[in-house]
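Q: Could you take me on a close look at the cavity in this model, and at what lines it?

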Amino acid sequence: MLCIGVDIGGTFTDVIVYEPATGRLAEAKTLSTPADPAAAILDGLTKLDVHLSDVERFVHGTTRVTNALLEGAGEPVAVITTEGFRDVLEMGLGHRPRLYSVKEAARPALTPRRMRHTVRERLTAAGDVAVPLDMTGLDEVTDRLAATGATAVAICFLHSYRNAGHERAAAERISRRHPQLSCSTSAEVVPEHGEYERFATTVLNASVRGPVSEYLSGLGSTLAGSGYRHPLAIMTSSGGVVSTDQAGRLPINLALSGPAGGVAASAYVAGLAGFDNVITCDIGGTSTDVCLIKGGVPLMTNHGTIAGHPNRTFQIEINTIGAGGGSIAWRDRGGELRVGPRSAGSDPGPACYGRGGAEPTTTDAHLVVGHLDPHGRLGGEVTPQLDAARTALGRLAAELGDGLTETELAYGILRLATVKMTSAIKEISVARGHDPREFVLMPFGGAGPMHATALADELGIPRVLVPPVPGNFSALGFVAARARHDYVRTALVPADSAGLATARVLVEELKAAARDQLKAEDAVEADQVTFRLSLGMRFRGQSFDLAVPLDDLPDEPADLIRAFHAAYQERYAYLRSEHPAEIVNCRLTAFGPQPAVTFAAPPDGPAPEPVTLPVWGPDGWTDAAVWQRGELTAGVRVSGPAVVRESGSTTVVGSGWWGRVDPHGNLLLERA
C-alpha cells in the first residue's frame, strides 16, 4: 500500500508518493488550480500512475485558511460576548502604528459593532460563576442573528479559559434552536487568558470554519469517488496531523500547514542524518519560509498574526518574507533595484514560462545565469524560454541604465534576493540568541537549494544538507508526520511549591484528555502516546510569557526557576534573577507513533562524468560541473562551482564548497 502527501501552494501543487515496503519515493508537480484544487491533485497522481484504491494514507496541507483571511474572503461573523465587553475587538491592545500621531486612524475591527452582541453572564478570574448565563437574553440575541441570515457565530465570554461551562451551554442552546448557525467558542479555540487575543483568534476561526469544512468535505468526496477508502488526514500549523473533523472544527490551526510540513520533515530527516540543530529555508514560488530547529525540536510560538490580527494558536515559529522564485524584480521611484514582494504566481508566472508574464523574476535570473536547464522542464510542467527571460531582464536593465547587461542584472537580482533571505534567517537565529554558525542549513522548495551555499556564505554556516526530493519536501513532511494534539491550561500562579502543585494537577488532567482524544480520533493506544511539556513563565508584572521546555515537572520550585532563567537568558541576553517568577500556563503536546519513513542509500560504483557548462558568478562566466542527482553514487565528490539538477529543484554548489551523498540520500555540502 502507498502513502501520499499533497501540498497545495500558490504556484505549484506538490505530490509525494511513498511506498513503505520498498522505501520508494515518487514525486510530481502540477500547476495549482485555485478554482478546483482537487484537479491539480488528481493530475499529479495521474502523472505518477497512482490509483487511489492502492493508497492507505493520504495527508494534505493547504493554504486555504491563510489565503481566505488575507483576502478577506471568510464569512461575516457575529460575536456574542459578556455584557459590558462588546468593544474588546474594537479597542484591541491600544497600540497605534504612529504613537505620537493625534490623527491616527484606527484599524477596522474584525467584526463591525452592529454584529457584536452581549448577554448577561459573568465569571470571576478564578472561574466561579458571579452572574448566571441569561438564557432568555441569549435566545433573543440568536433569534435576531438568525433573522439576518448570519451563519457564523463566535462565542467569547470573559474568563472562559478558567471555566468553559457558559460558552458550552450557549453553543448547545444555539445549535438546538438554530442548527444553521455554526458556533466557535473561545474556550475550544484558544483557552488562554488575554481577552483581545482570544476573542480575535476565535473570530478568525469562525470566519473560515464554513468554507474550510465545505472544502474538506468536497475533497474527501472527490477522493472517495476516485477510489480512496480511508480517512483523510490534515496537516496543522504545529507540525502534526489531525482528522478532517477536527480540522473543520478548528481551521485556524491550519494557517501554516504547508510550511509546517517542511519543518516537520526537516526535523525528521536531519535527525536521521545526525543533525539536531537545523535552520530550514523553504523557498517556493511566492515566499521564503525559515525556521529554527534546536535539539531536534522546532521553535514554537503562540503569538502569531494573520492579516495584522492576533492568532494565539500554538504553531511552529516560521518567519516568512515575500521573496521566492516568482518574485518580481522592479525599479523603485528612487531608481534602486527591488525584488518582491509582488509575485508572478502560476498565472501568468515568470517571463520564461511563456504564459504572458512580462516582468523579470528570480526564476528568470536563475535561467539567464545558467543555473536552470534551458532544455529541461521546470517542475516537470514548463519548458523555460530563455529568450523571453532575457527580454524581460533587458527591459529592466534599460530602465536602470549604466550600461547594465541582462546577465549582470540577473546576478544582481539573485544577490539582492539572497540578502533578503539572510535577514529573515537572522531574525529567527541571531535575534533569538542563536549563533547560525552552530547550525546546519537545510534548503528545500523549488528554489531553496539554488540559494543555499550563497546564504551559508553570508551567515558563516559551515554545512548545508539538501534533503531528498527538495522540490516536494513539504509534501514529504506530511507523509512522515504523526498524529499530534496540543493542549493548554491557564495557571497564573506563583512559581513556588503551591504553584508547582497546581501545575502538576493541570498536567495530569491534560495527559488524561490527550490519551482519550488520541484513542477516539486516531486509534492510538495509551501506551503508544508520547508527550512534550512546556510551561509558559514570566517575571511578575510582565505581559508576555516565555515557553520553558521540560522533560517533566521538577520536584522543587528552585529547579523550575533555574530552567526559566536559562531560557530567559538565552532568548533576551539579560536576566532579572531577583524578581519573582510566575507560571502562566501549562502546555502539553501529545503524539501518536512516528511513521517509519526510510530513504534508499545511494548506489555504489562510479558515476557518469558531469557535463561542463558556463555559469555566471562573481567573476563573470566560469565553467561549472553539471550533475544529475539521481546519478550521484556513494563515492562521488561534487566540487564547486557545480550545479546538481533533479526533478523539481536544482542545487547550486558555490566556489569553495564540496559535497557528497550521505547514506540517507541527502546531499551534504561542506565548505572546503
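A: Happy to. First, a word on the labels: helices and strands here are DSSP runs, helices of at least four residues and strands of at least two, numbered from the N terminus. Keep in mind too that this is a predicted model.

With that in hand, let's turn to the cavity. The structure holds one cavity of 30 Å³ or more, and the volume of the largest cavity is about 30 Å³. Which elements each supply at least two residues of its lining? They are α9, spanning 257-273, together with the strands β13 (278-283) and β14 (288-294).

Now for the residues themselves. Pro-259, Val-263, Thr-280 and Asp-282 are among those lining the largest cavity, and the lining also includes Asp-289, Val-290, Ile-318 and Phe-444. Pro-259 and Val-263 are in the lining, and Pro and Val count as nonpolar. Asp-282 and Asp-289 also line the cavity, and Asp counts as charged.

While you have the model open, there is also a sheet to look at. Four strands make up an open sheet, ordered β29-β30-β32-β33, with mixed pairing. Its edge strands, each pairing on one side only, are β29 (611-617) and β33 (649-653). From one strand to the next, the twist averages 30°. Within this sheet, β30 (residues 620-628) pairs with β32 (residues 642-646) in the parallel sense over four bridges. To find that pairing on screen, look for Val-626, whose bridge partner in β32 is Val-643.

Methods. Residues are numbered from 1 along each chain as its sequence is written. This is a predicted model: local features need pLDDT of at least 70, side-chain atom pairs count only at pLDDT 80 or more; totals for chains, interfaces and linings use all residues. Side-chain values use heavy atoms; hydrogens and water are left out. Two strands pair if DSSP finds at least two bridges between them. Axes are lines fitted to C-alpha atoms, for helices over the stretch in contact, and angles run from 0 to 180 degrees between N-to-C directions. On a 1 Å grid over the protein atoms alone, a cavity is a set of points where a 1.4 Å probe fits but cannot get out, and a pocket is an open set with protein on both sides within 12 Å along at least five of seven lines; lining residues have an atom within 4 Å of a point. Grid points are joined across faces, edges and corners, and a volume is the space filled by probe spheres set on the points.
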